[in-house]
Amino acid sequence: PTFAWLQIMLFCCMHETGAGGESSFFSLAKPQTVDAEAGDIALDSWVRYDDPETKTFKLNAERQNGRAAMLGITGCLVHEILGVDALYPTGGLGGAAPPAIF
């Protein structure tokens with residue numbers, strides 16, 4: 001397992017830094033340059049929105065999706081803290097699986 005974690009970390013670091021250049025498997029991203037916007041490390045095939053209104057809408061939609069995901073995880077954590085199974089929150093079954101429907 002240690003080698004697997006190191007391999008994952010190596011891949012993530014190489015992907016984030018753009019190591020290997022555009023001729024390797026790690027060409028999914030390019031290094032950050034001064035003339036690009038902050039965080040713009042995608043290659044030219046990535047869609048960029050020039051219209052400020054569209055860009056603002058897309059960024060807000062992404063933020064809202066992130067917030068919804070965080071609330072969903074928080075709900076699962078609260079279920080775990082309360083001792084209720086988050087996948088089958090039936091309650092009152094003493095921990096048994098829910099009854100079969102069919």
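Student: How many helices and strands does the chain have?

Tutor: Quick background: this is a predicted model, where local features need pLDDT of at least 70, side-chain atom pairs count only at pLDDT 80 or more, and totals for chains, interfaces and linings use all residues. Residues are numbered from 1 along each chain as its sequence is written, and side-chain values use heavy atoms, leaving out hydrogens and water. Helices (H or I, at least four residues) and strands (E, at least two) are DSSP runs, numbered from the N terminus. On that basis, the chain has 2 helices and 0 strands.

Student: What share of the 102 residues in the chain is buried?

Tutor: Buried means under 20% relative accessible area, exposed means over 50%, and partly exposed lies in between (1.4 Å probe, protein chains only). C76, for one, is partly exposed at 36%. Of the 102 residues in the chain, the buried share is 6%.

Student: How many disulfides are there?

Tutor: A disulfide is a pair of cysteine sulfur atoms within 2.5 Å. By that rule, the count is 0. C12 is in no disulfide, as its nearest cysteine sulfur, that of C13, is 6.9 Å away.

Student: Among contacts between residues at least 6 apart in sequence, what percentage joins residues at least 24 apart?

Tutor: Contact means heavy atoms within 4.5 Å. Taking the chain's contacts between residues at least 6 apart in sequence, the part that joins residues at least 24 apart is 2%.
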